[in-house]
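Keep the sequence and the structure open as you read.

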Amino acid sequence: MSAVASLQRLRRLVVAVPYLWLALFFLAPFAIVLRMAFSQAATALPPYAPHWEGIAQIGEFLSQLDLANFSLLGDDPLYWQSYLYSLRIAALTTVFALAIGYPLAYAMASVPARWRGILLVFVILPFWTSFLIRVYAWIGILRPDGLLDQALALIGLEGEPLRLLNTETAVLLGMVYSYLPFMVLPLFATLEKLDRGLLEAAADLGATPVTAFFTVTLPLSLPGILAGSALVFIPAVGEFVIPDLLGGPDTVMIGKVLWSEFFSNRDWPLASAVAVVLLVVLVLPLVLLQRARLRREMAA
Amino acid sequence: MGKTTKRLTEAIAACAIGLGLLAAPAAAQDKQLRIFNWSDYVDPEVLDAFKKETGITVVYDTFDQMETVETKLLAGKTGYDLIVVTASFLPRHIPLGLYQPVDREKAPNLKNLWPEIQTRLAKYDPGNKYAVNYMWGTTAVGYNTAKIKERLGPDAAVDSWKIVFEPEQLKKLSNCGVHVLDAVEEMFPAALRYLGLDPDSKKEADLNKAGELLRKIRPHIQKFHSSEYINALANGDICLAVGYSGDILQAKKRAEEAKNGVEIAYSIPKEGALMWFDSFVIPKDAANVEAALKFMDFVNKPEMAAKNSDFIQYASGNIAAKPLLSAAVRDNPGIYPSDEVMGRLYTITPYDQKSQRLVNRLWTRVKTGK
């Protein structure tokens, strides 16, 4: 009996580790941010009020918290417009990354195994240079009379400079470029494991390669597509550096709004409220998706 | 000896060892001064000379934005002995008790500080109690001389805020590139001054008028950013930038070093411009106040102040350094303006909570064009 019990205890312990991790590094910081989101900016140290005066004053402390920051987020069109804009840019980034990443991953998975390692290194290679420097390099490419304009002139397409820098196109280019590896890697992992025998079977049964792709390969690579899209979409919504360096006044993403509330306006509570809403916007669809999946599995 | 006593002695011994370990780095800390400053903002030779004279090792950490410093200060602990802070942040910080008063008796060279600058700085730090000015400058217009001539004609003069605030004229520069600082406290005073209003006005009606003016020029502005213009000017990517004198002169220097044919000039408009002051302060949690004072004293020796000013090409807050400067710095009106221009430079008082929120809102609307 004791052997079984201790094994169970061990199993429970192993399961507890990720939960502990989650509580320590996600829930605890989130609680701090959430508490700040209900405070108000003040000339104080730290710059918000009320402050936690100990358990005895808990009633007074709680009574001073309010929803003003959240109602401001609803009232001022700046905030919800920035949220929508960020979601739009992130969605576009995901679509483009998928459109480029899928053929890339497919090709990588199709070559002889001895080449795959090298190709994989090529995908990871950019990470050896600082992310900031790679985004900065895009300024050199996109600036008026920059590398892109020069290259176009070289092949005879001379004309007015393109003036892409500080536009939405520049932001999208930078985003797709930066997030592409996060799409390619999970796709490659799924496609590599795909049983090629299934495709042969499909061909034997009279399917054209196109039909085989849409009925066999694509459905089987769906987990890779979902994982890649989530890895690109979620960080892309909150992206700050790329729109800051490559964007202009028209590309106001929520990350930048959060930055200026926190740093320029010293409004930590409002910045916290922006962050809380951002988290809800990102997590809620995922939770609903997971629920729907579970229900479907239960029904099946 | 009983078991308990033995355990107790062991515990005491362990504590003693622990204390010894703690005490050792503390002694080393006496010989260490931790400075938090902009990058390349002190001549490395001056740091070497300081170490040679005092035996104190300087740990020089850098930041790229004043906001980073402020966030560290407001969070409660910095870990530094000496920080360079821009004057406009002082009125918010001093009442919060973030700094220690400077004991001027221990830094006799502070007698060399420029009285005129001290008076102006006192607007932010009443009685000059906490901040010791290091460098100062202005916020005005940097431009690409060739491109401005090309767009606005050979006689175009960049001597007035008109170049920025006249929408019809700015339009001619829009496809050539215009950057302005993403900073409320820099852009609103300039707009108010151009409108003939008090640049320090906190009246709602005045601020609205300034916001209206800024909204009109917004379609022709490519970027609101507080540092990107340095590279953009130096590379010849843009025509015009409203920025800090030091940054624009740095862009000029970079273009000269790159020999890319780009010529940058800096102009203080005839209506006047806002002054900025970078000053040393000692944070409340400084571990080595003595060393911080020694450093402030050392960099205010006239020859050291001149060396730093020559190195970074900014105007020193030390008047005794001026005769020792190289002519290139001393005679540059963008660095040391004439007395007449000096008279037209202005400072502003900080926004209170209400007007701060108003200008922030106005500024956001300017930037997003809504």
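In which kind of crossing, left-handed or right-handed, does α10(B) pass α17(B)? The crossing is right-handed. The model behind this answer is predicted.

## Two helices of chain B

Start with the partners. Helix α10 of chain B covers residues 204–217. Helix α17 of chain B covers residues 353–368. Their axes lie 9 Å apart, and the packing angle is about 15°. Angles under 35 degrees count as roughly parallel, so α10(B) is roughly parallel to α17(B).

## Residues at the contact

From α10(B) come Glu204(B), Leu207(B), Gly211(B), Leu214(B) and Arg215(B). They meet Ser355(B), Leu358(B), Val359(B), Leu362(B) and Val366(B) of α17(B). Sorted by class, this contact of α10(B) with α17(B) holds six nonpolar, two polar and two charged residues.

## Chain A overall

Now turn to chain A. Its secondary structure amounts to 14 helices and two strands. The radius of gyration of chain A is 25 Å, while the globule rule gives 19 Å for 300 residues. The chain A value is well over that figure, so chain A is more spread out than a compact globule. Along the principal axes, the C-alpha atoms of chain A fill a box of roughly 80 × 75 × 35 Å.

## The annotated domain in chain A

An unreviewed UniProt entry lists residues 83–289 of chain A as "domain: ABC transmembrane type-1". In the model, residues 83–289 of chain A are 78% helix and 0% strand. The end C-alpha atoms of this stretch of chain A are 21 Å apart.

Methods
Residues are numbered from 1 along each chain as its sequence is written. Chains are lettered from A and ligands numbered from 1 in the order in which they are written. This is a predicted model: local features need pLDDT of at least 70, side-chain atom pairs count only at pLDDT 80 or more; totals for chains, interfaces and linings use all residues. Axes are lines fitted to C-alpha atoms, for helices over the stretch in contact, and angles run from 0 to 180 degrees between N-to-C directions. Helices (H or I, at least four residues) and strands (E, at least two) are DSSP runs, numbered from the N terminus. Angles under 35 degrees count as roughly parallel, over 145 as roughly antiparallel, 65 to 115 as roughly perpendicular and the rest as oblique. A crossing is left-handed if the near helix is turned anticlockwise from the far one by less than a right angle, and right-handed if clockwise. Two residues are in contact if their C-beta atoms, placed from the backbone, lie within 7 Å. Ala, Val, Leu, Ile, Met, Phe, Trp, Tyr, Cys and Pro count as nonpolar, Asp, Glu, Lys and Arg as charged, and the others, Gly among them, as polar. UniProt positions are given in the numbering used here, feature names are shortened, and annotations may be inferred rather than shown by experiment. The radius of gyration is taken over C-alpha atoms; the globule rule is 2.2 Å times the number of residues to the power 0.38.
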